[in-house]
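Colleague: Please take a close look at the salt bridges in this model and at the nonpolar cores alongside them. I would like the cut-offs stated as you go.

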Amino acid sequence: LRKHAFRTTDFPLIITLENHCNARNREIMAKILVEELGDMIYRKGKKPWSEFPSPNELRGHILIRDKHDNDHLEELQKQFMDAEKDKVQRSARLTSITQNRSARLLQYEEEDKCAVEDAEELQDLISIVNVKPYVAERSPFPASSSTPESAFDDLDRIKTLKHTQRHLIRSYPGPLR
């Protein structure tokens, strides 16, 4: 990718991550992206944009598009709660439940801290926040959403034009195309 990304044009390249990885694998993903692409990755910093930079401003850069960190943290929180429920149900049969639960909570707290830190490594590389379309409409900052190609026939053209003045839309083809 580093070698061929800008062979034809130096306009920005957007890489969309379809990220269903756990915290450890997101950490690995972030390290690989940095090792392979380095300074080609555009980093916007911690503050959301008030508007997207122009393509001219982004020439020669690769933009990473992925979920917002709240999505990752909500997913981590859900996994944590599900795991905790499962463990509590199984350990209810044990006589030393108090000792086991305390040890598990300490272990989970440590894993959760580590997961948040890991999520931050990848989040620092994301310059385009991917959200659900209905979230993008209300977003105070520019965002990106995905819509199936077939849905464009049903969209209001004026609303879509207005929407794309502030946000990006990624269109994906139908399965039979």
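Modeller: Lys-31 is partly exposed, with a relative accessibility of 41%; here buried means under 20% relative accessible area, exposed over 50%, and partly exposed in between, using a 1.4 Å probe and protein chains only. The model is predicted, so local features need a pLDDT of at least 70 and side-chain atom pairs count only at pLDDT 80 or more, while totals for chains, interfaces and linings use all residues. Residues are numbered from 1 along each chain as its sequence is written, and side-chain values use heavy atoms, with hydrogens and water left out.

The partner of Lys-31 is Glu-27, and the closest N and O atoms of this salt bridge are 3.3 Å apart. A salt bridge requires a side-chain nitrogen of Lys or Arg within 4 Å of a carboxyl oxygen of Asp or Glu. Both residues belong to helix α1, 4 residues apart, or about one turn of the helix. Helices (H or I, at least four residues) and strands (E, at least two) are DSSP runs, numbered from the N terminus. Through shared partners, salt bridges join Arg-24, Glu-27 and Lys-31 into one network.

The count of salt bridges comes to 4. One of them pairs Asp-39 with Arg-2, with the closest N and O atoms 3.5 Å apart. Asp-39 is in the loop between α1 and β2 and Arg-2 in the segment before β1 (13–16), so this pair ties together parts 37 residues apart in sequence. Asp-39 is exposed, at 64% relative accessible area, whereas Arg-2 is partly exposed, at 42%.

Another salt bridge links Asp-10 and Arg-59, whose closest N and O atoms are 2.4 Å apart. Asp-10 lies in the segment before β1 and Arg-59 in the loop between α1 and β2, so the two tie together parts 49 residues apart in sequence. Asp-10 is partly exposed, with a relative accessible area of 33%, and for Arg-59 the value is 33%, also partly exposed.

Now the cores. A nonpolar core is a set of buried Ala, Val, Leu, Ile, Met, Phe, Trp, Tyr and Cys residues joined through side-chain atoms within 4.5 Å. The largest has 14 residues, and those with the most contacts inside it are Leu-17, Leu-33, Ile-62, Ile-64, Leu-122 and Leu-125. Helix α1 (23–37) and strand β2 (62–67) each supply at least two of its residues, and the largest share, 4 residues, comes from α1. Leaving aside residues up to four places away in sequence, Leu-33 touches Leu-17, Gly-38, Ile-41, Ile-64, Leu-122 and Leu-125, where contact means heavy atoms within 4.5 Å. Apart from this core lies another, of 6 residues, including Tyr-42, Trp-49, Phe-52 and Leu-63.

Strand β2 also holds Asp-66, which is buried at 1% relative accessibility. Asp-66 and Ser-127 are 61 residues apart in sequence, but their C-alpha atoms are 8.3 Å apart in space.
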